[in-house]
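Before reading this report, please look over the sequence and the structure shown below.

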Amino acid sequence: MTMVMSETDTDTSKADELPEGSYPAIEDLEERVRADEEAAVTFTLEGLTHAICKQPLNRPIYRRILMFFDEEHSTEEAEAFIAEIPEFTYAIQPEGRFLDVLERNGGIERVAVEDEETEGAESAEAIDGSQEDADSAAEAVEDSETAAEEAVAEDEAPVDELASLVGARWIVTDLGRQYVEATDPMAPLKQLITQDADRTETYLMVLGMCAEASQPLAEIERAVRALQNENKSAAQIQPSIYLDRLERVGGLYWKGQWNITEEGRKILADLTA
Amino acid sequence: MAELTMTRRTFAKASALAGVAAAVGATMTEGLADAPAAFADAPAEVKTYKSMCHGCIQPCAVLVTVEDGVVTRIQGDPDAPNNKTGVCVKCLNQLHTCYSPRRVLHPMKHVERGTNNWETISWDEAIELAADKIGEAIEKYGPYSFFASGGGGGLYCGFHGYNFPEGFGSPNTFEPGGAQCFEPRVTCAPLVGMVCSQSIADSRVVEPFNTYDPQCEMLVIWGAQPTISQTANSGHAMADLRVDRGCKTVVVDPNFSPDAAKADVWLPVRPGTDTALLLSWIRYIFDNELYDEQFCKYWTNLPFLINPDTRFPYLAEEIWPDYKNPSADPNEVYSNPAYVCFDAKTNSIQPFPYTAPADSPVDPVILAEVEVNGKKAKTAGQIYWEEAEPWTLEAAGEYCWCKPEKIEEAIRLYTDAKVAGIAHGVATDQQRCASEAPLGCLMLDTMMGYIYKPGCTITLTNQHYESRPIAYWGPMMRDLWVNQYGISWVTGYTEKWNRERVENFEDKESQAWYMQMMKDKLGFNRFRGFYNQDTTHAPSILHAIMTGEPYKPRVWYDFSGNKFAVCGNASSWYDALGELDFIIGQHPIVTSFHYEACDLFFPMKEWLEWNGTGSQQNKTFMYTEVVHLGETAHNFISSNRVLQRYREKYKPEDLDNPAPLNRGDFKAGDELTEQTLRNHVAEKFEAESWEYLKEHQDEFIPKVIPEEQYYCYNQHEEIVDDGLPAGFPTESRKLEPYCTMYLHMSRTGFPIAYPAQWEQLETDYNPICVNIPPVEDPTTDTEYPLVITSGRLPYFHHGTMRHAAFARELCPVPDCKINPKTAAEYGIEHMDWIKITSRRGSTHARAYLTEAEAPGQLWMERFWNPEAYDASQKNPDGGWRQCNINVLTTNFVENLDLSEEDFVEGDPEKTKNPWNLVYGSFTLRGFTVKIEKSERPENIWVEPKEFQPFMPTLQSEPQTGDVY
């Protein structure tokens, strides 16, 4: 980003003297935005999955958001929903960041609203990808960046990026739906619990405990160790393995203590019926 | 005055681009006020301070010039015995790195991994976040869900970080070096009986550089390059040794290093075949009776007869139950066992008690096979000779790609000297032979009697014994485990003494807890050599992360460095990121690791901002904090604060818990501040305060041990309080080149696990040097027919300083050295870009054609490219794949998944024991690759002008006070 000149100063020669490899001039920026946007329009399930899974604490949050957008919702509605997701208690990113990541990786898309201008190059470009929109997108970026530069402090940069979410409406994409289907917990849960005979009983016990009430780690450890002592054919492994595995496939979640999910409740009912 | 429309953010960005002068430019001049003439004309305030460089693992003493608060010059301190007035590029890089626009000056939270999009936060918020993420994981899964990692030698975190997780109840810390660098060669020596090792890289070798009474006339540098790795310190000292004192050298190194270029004999050993070459030396010395027979008879266990069933030396009482040992301690405190030998005086087997050589009742034979209780038993010396027997000069020459006559010439230089020594380096630590190679090096100096003599490499400085020498096992061979947890055997004391110590240890709860932690430490049961640093087998941690078993480490605190540049099989760690809940890093700059992986970042000080102490020979110097930028902190402070906050919030009952071990000078419970660290330095120099010390350095620096006291010899012969010669700190009180401790470790975990007995491993650890072939062999590998090895460059240390602009101008990208004949086979010309591929992946380098590499052999340094995520890049990336040999190396983590029937010895992908048996060392050098011509990769810079964005810009950054 070049220096912003004062109104009285028309000498731009200093900008020309910036060494190579430094921040690009405005004309380069337009080209970069265009190149980035062209590169960004090719979304893949692999790319979306990578973006969702690279921070595992956020994985269940993203999935729930994608399911939420099975119907159209506004940013504000989504943020309210996200705030209530149990796992979100432990996230370090704000609600809007999740929408931003999903949009940038093709999991959700903006719903066009008639007679409403949206700010931000990315949001404009997501509509139809035309050159005209790319041009206005570049202008919007420049305007938005100029405005951002005149804002208060450097550490507001993340807020700048998320400002474009305000007022938007969203829907899940086909890709997002594919991800949700591919990560449906029921089949993996069943497989997890039944594939190793020496672990089945313990998995069901842990699920059963959490179905009755939230459980602290210490209680689960105590119960697992007791079962292992009583039944020497049960896998003699660390109790945390059961928790890790059940949480990973969506049978349990943590909110101060271990709790069973709806899917976990269903599978428990199926397997103990 | 024109209104300034430049914000602080744009000013900072502009100044990062072009320096303060350009950023001022036309827009700012009208906003500048005229300074008073007196101020403008006043001379700069110039001060010079004594300090130390931390550019590598061997600190040099330096003089630092500060002008108006800005460091402008660094030069060598003439008082320094090794570096004298010299410094190297690594030191001078600090002028760039300390003021680099890449410096991180505030704690940051990563908006999203892999974006380099950070949010600046306060220290309080950062500490709270770190404590919470660790605390949450521990509440959910237990303390084993947390682990840490350190950096390499010369690391910025210090050993303080190694058992940091113990403070949270977790046993796991790994180091990318560790078992691949330092541990094998440094811990093998005490197990054989030497207090100090042959490691020249870690300042263990000091005697050759003794100028007080110089005696060193011959040095073998085996797998090390001091001129490159510690250029101004032992590199400078080597130059003085060769030039001023005519010391002869032999260099054993596949690479024609500067040390090799100056050597009297260079043995270009094929990468991975060092043990065969060592055995050829041992055989030659035995065959030609060049060894010091008297020393071997009375000061080593080579004459001991070995029980063929147990593989341990016979004790006299096993053969003669009524034997009365004349050297037994009547108080049953010290242990002086009597063994069994074949006595040349009586031509029979006899008890062999510990005595002064002149008082020995026997004349023990070193090479013998005799009958003991109806069984054929050999002496340890005989066993060694038989192992070496196949390795004639010709056999070794062919296998190791050396000329037999050159091997002989090298051996003769070594044996014909009045005294000589082997200085060993990191090379063999990075191979499967990591424990066997140092055994061979130690055997050579032992059989030659080059021990504790003027001019050799194994000496004991500033130390004499008053009593029988003893040895502690555990972190850094100090009494930490013994005192804090009441565990581990102390060698030199009797069984009764050790048993009573354990039984009487009061804190049984801590004792039991720590014993369980040792058992649960990942990979420790199999690779018991990790005891010295109390670290963990890195592939075992990685395997647990990926599989979740035996438990899943998931919150990571990394203390230093770029893990993707320095970890073997770097891609395997990248693949693990999706299994790691939260990753905390600390460093002066964002590296590939922080870019790809970290969620939270603590900004660390550079060494110009440190306080501390370091030594060179008999002199101790001081690291002096001469500047301080931003909110950076000393590397001890962030972790200490995180542990404190965690305990306050999640485990208040542990606030007085002494864990982790007090390894450095500070305990977990100490509330560390920068002033605490300063005061500690002042205490070391006995100054009234740090402030006084800093302004009166000439009174205190260096702190000198008188040379006549520091350089001392033949301590093993000094008579101690039991009337016997001191000997060595082993079970036998002699040097044990037949390393019984390796056998003990693999059988029961003794001495470290004592009083527990661990399961016996499937394979004994080798007690002597045996030939360990490399896992991948270019002579039989048709798919990957070339062998590649690695080493350091003089411009950088480990993963550091790739953002030092001038150093990058000198060395913009790693060159891959290749023999012209080999290059021609692939149509490759000098300076062509090439793609190098192993079974793990591909990377790139420029081909540097040279006869200095053997045909079929390549040499390349690990590298990473911080420019890859410069703001100017169109498609930024982490910069660790383009030119990094660690994309090619292997940690064999996949072998931990293989079942019994999958293993095929000789198959590089299915070998059961691809790691070193003792340390789990995997292969970073001497593996197979293929090459092809290629193009320059994306996002890397090569031309000098491209490095302009790395030029230092923070000189005008205000000096700041302490964060804590």
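## Two helix pairs in chain A

A crossing of two helices is called right-handed if the near helix is turned clockwise from the far one by less than a right angle, and left-handed if it is turned anticlockwise. With that term in hand, we can turn to the structure, which is a predicted model. In chain A, the crossing of α4(A) and α5(A) is right-handed. The contact between these helices is made by A:I61, A:I65 and A:F68 on the side of α4(A), and by A:A78, A:F81 and A:I82 on the side of α5(A). Sorted by class, this contact of α4(A) with α5(A) holds six nonpolar residues, with no polar and no charged ones. Helix α4(A) covers residues 59–68 and helix α5(A) covers residues 75–84, and their axes come within 10 Å of each other and cross at roughly 140 degrees. Angles over 145 degrees would count as roughly antiparallel, and those from 65 to 115 as roughly perpendicular; α4(A) and α5(A) are therefore oblique to each other.

A further pair in chain A is formed by helix α13(A), residues 217–230, and helix α14(A), residues 239–249, whose axes come within 8 Å and cross at roughly 115 degrees. The crossing of α13(A) and α14(A) is right-handed. Here A:I220, A:E221, A:V224 and A:R225 of α13(A) meet A:P239, A:Y242 and A:L243 of α14(A), and by class the contact between these helices has five nonpolar, no polar and two charged residues.

## A helix pair in chain B

In chain B, helix α10(B), residues 274–287, packs with helix α16(B), residues 436–447, at an angle of about 20 degrees, and the axes are 9 Å apart. Since angles under 35 degrees count as roughly parallel, this makes α10(B) roughly parallel to α16(B). The crossing in which α10(B) passes α16(B) is left-handed.

The residues of α10(B) that make the contact include B:L278, B:L279 and B:W281, while those of α16(B) include B:G440, B:C441 and B:M443. By class, the contact of α10(B) with α16(B) has ten nonpolar, two polar and two charged residues.

## The sheets

Strands of a sheet pair through backbone hydrogen bonds, either parallel or antiparallel. Chain A has an open sheet of three strands in the order β1-β3-β2, and the pairing is antiparallel. Its edge strands are β1 (73–74) and β2 (108–110) of chain A, each of which pairs on one side only. Strand β3(A), residues 169–172, pairs with β2(A) in the antiparallel sense over three bridges, and within β3(A) it is A:I171 that stands opposite A:E109.

In chain B, seven strands form an open sheet in the order β5-β4-β19-β18-β17-β6-β7, with mixed pairing. The edge strands are β5 (117–120) and β7 (173–174) of chain B, and each pairs on one side only. Strands β6(B), residues 146–149, and β17(B), residues 555–558, pair in the parallel sense over four bridges, and the bridge partner of B:S149 in β17(B) is B:D558. Helix α5(B), residues 123–141, lies across β4, β6, β17, β18 and β19 of chain B, and runs at about 135 degrees to β19(B).

## Backbone details in the loops of chain B

Another is the bond from B:F750 to B:P751, with omega near 5 degrees, where B:P751 is found in the loop between α29 and β23 of chain B.

B:R311 is not a glycine, although it has a positive phi of about 70 degrees. Its place is in the loop between β11 and α12 of chain B.

The predictor gives the complex an ipTM of 0.87 and a pTM of 0.90. Chain A has a mean pLDDT of 79, and 68% of its residues reach 70 or more, while chain B averages a pLDDT of 92, with 94% of the residues scoring at least 70.

Where pLDDT is low, the predicted coordinates should not be read in detail. In chain B, pLDDT is below 50 over residues 1–31. In chain A, pLDDT stays under 50 over residues 1–27, and it also stays under 50 over residues 116–129 of chain A.

Conventions
Residues numbered from 1 in each chain as written. Chains lettered and ligands numbered in written order. Predicted model: local features only at pLDDT ≥ 70, side-chain atom pairs only at ≥ 80, totals over all residues. Pairing = 2+ DSSP bridges. Axes fitted to C-alpha atoms, helices over the stretch in contact; angles between N-to-C directions. Contact = placed C-beta atoms within 7 Å. Nonpolar A, V, L, I, M, F, W, Y, C, P; charged D, E, K, R; others polar. pLDDT = per-residue confidence, 0-100.
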